[in-house]
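Open your viewer and get your selection tool ready. We will walk through this model stop by stop, picking a few residues at a time.

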Amino acid sequence: MSGETNENKKINTENQTRKKKKGFKRWYRKWRKPLLRSVSAGAIVAILYLIVAFSGIPFIAKWRTLYIETAMSTHSHQWLAEAFFPKSVVDKVVDQKMADLEQQEDLNSDWQDVTGNTEEETDSKTAFFEQYWELDSESVHAYLDARPYLTENGYDSLLIEDMDNTLGLQTAKGDKLLVADVANNLLIVGVSGDGYVGKMAIVKNPAQVDLVESKSLGSFGELAESYGERTDALLVINASGFKDPEGHGAGGEIKGCLVLDGVEYGKPKGDTWKMFGFKNDDRLYISNYYEEDITEYRWAVEFFPALIVNGEISITGSFGMGIQPRTTIGQTESGDFLMLIVDGRQVGYSLGCTVAECADIMLRYGAYQGANMDGGSSAVMWYKGEQITKSSSKAGNGRYMPDALIVRKPTDPEVAGTTSY
């Protein structure tokens with residue numbers, strides 16, 4: 001009986017084994033191709049990753065570096081670089097940025113060979129287009145020729161406001177002309193490039209440019225619109241960086257120094273940061289904080305990097321800062337003050353740009369000095385009661401800022417007594 005039982009067990013075991021083999025064969029036939037495809041796809045992904053992470057092919061290396069720089073330059077996004085690339089690759093990019101910053105140590109503005117504007121006897125139209133050379137384009141001439149009433153009493157009161165560029169007017173450099181407000185010495189142009197859009201204000205009288213601190217400096221900042229309304233300004237952009245733990249800072253604590261009428265606020269960063277500011281001659285100076293007598297300054301802030309010094313571009317490539325929303329300032333030899341905001345972090349609209357692209361825009365409009373300011377979600381421009389750039393901040397209206405650069409009206413008492421070109 002036991003022998004028969006053992007024989008049955010053996011037969012059952014063999015049957016089960018055959019069933020398992022048949023089941024495996026059926027499973028293998030069914031899943032063989034998907035498995036091969038998955039293994040192949042995995043191998044391709046692995047190879048592509050190795051190429052992206054380590055290849056020296058210029059195109060790949062450029063965009064890998066820009067990706068890492070962009071992520072690492074925003075505290076809350078650094079994990080986007082560290083999660084996808086080996087530490088050695090990330091460290092190489094960061095080390096290059098530090099090397100670039102150290103090279104800025106000896107950069108200082110020098111205005112000694114610049115004479116500014118010279119007075120010459122010319123007719124009003126010629127004089128106007130010499131001063132407002134940016135308007136010397138076919139589209140502007142055609143627009144004014146078709147509307148002689150705009151200049152029948154001269155050019156001093158000429159006003160064109162076309163923020164959507166429906167008129168199709170262009171500057172002499174081919175950018176969109178959005179505002180020409182001659183009475184207030186102000187132009188606003190729309191700039192664009194590969195993946196970005198922005199706006200640049202050109203202030204013909206630098207005496208109108210001022211730096212204003214928050215009402216609660218040290219505790220809370222203010223939005224751009226608050227600065228504009230409180231000071232009755234024509235235009236406002238962000239200025240200093242500020243302490244921003246986990247992206248939730250109140251905008252009251254300055255990063256770096258702040259100088260107002262020769263008085264120091266904040267704590268100088270020094271090291272690789274530069275000092276950007278106006279002395280009482282209304283010229284923009286780029287220097288090292290520890291080398292300056294701050295009592296000579298009407299206003300100054302610290303940030304990095306210097307973009308243009310004495311007419312020469314002072315950076316190369318992306319300078320380790322990737323693609324971001326940007327705020328930059330500059331000044332031409334004739335004294336025109338340039339204020340540039342580039343929107344970013346908005347897919348389908350504007351991703352942002354590199355600091356080198358900002359420098360190129362400013363050089364296009366004659367910058368002799370140029371500096372990068374705090375950008376990111378703080379980058380914003382406000383004009384005559386409206387925000388005219390698209391901030392990447394959660395609320396869309398910029399950040400609370402410890403200070404702001406404003407353009408005062410020429411009739412503002414604060415402008416009286418200051419130097420102008």
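Start by selecting residues 196–203, which are strand 4, together with strand 15: the two run antiparallel and are joined by six bridges. (Strands here are DSSP runs of E with at least two residues, helices are runs of H or I with at least four, and both are numbered from the N terminus; two strands pair if DSSP finds at least two bridges between them.) Click on G198 and look across to V342, its bridge partner in strand 15.

Before moving on, note that this is a predicted model, where local features need pLDDT of at least 70, side-chain atom pairs count only at pLDDT 80 or more, and totals for chains, interfaces and linings use all residues. Residues are numbered from 1 along each chain as its sequence is written, and side-chain values use heavy atoms, with hydrogens and water left out.

Now show the side chains of strand 15. Which way do they point? F337, M339 and I341 go one way, while L338, L340 and V342 go the other. In a regular strand, side chains alternate between the two faces of the sheet. Six of the six residues of strand 15 are buried (under 20% relative accessible area, with a 1.4 Å probe and protein chains only), so the strand is largely enclosed by the rest of the structure.

Zoom out to the whole open sheet: nine strands in the order 1-2-3-4-15-14-16-12-13, with antiparallel pairing. Strand 1 (159–161) and strand 13 (312–313) stand at the edges with a single partner strand each, so one side of each has no neighbour in the sheet.

For the next stop, select helix 7, residues 224–231, whose buried residues are A224, Y227, G228 and T231. They span an arc of only 95° around the axis (taken from the directions from the helix axis to the C-beta atoms), which puts them on the same side of helix 7. Their cover includes strand 5 (209–213) and strand 19 (403–407). Just after the helix, D232 takes a positive phi of about 55°.

Finish at W299. Leaving aside neighbours within four places in sequence, W299 is in contact (heavy atoms within 4.5 Å) with residues including F276, I329, F337 and L405.

Note on methods. Buried < 20%, exposed > 50% of the residue type's maximum accessible area, 1.4 Å probe, protein only.
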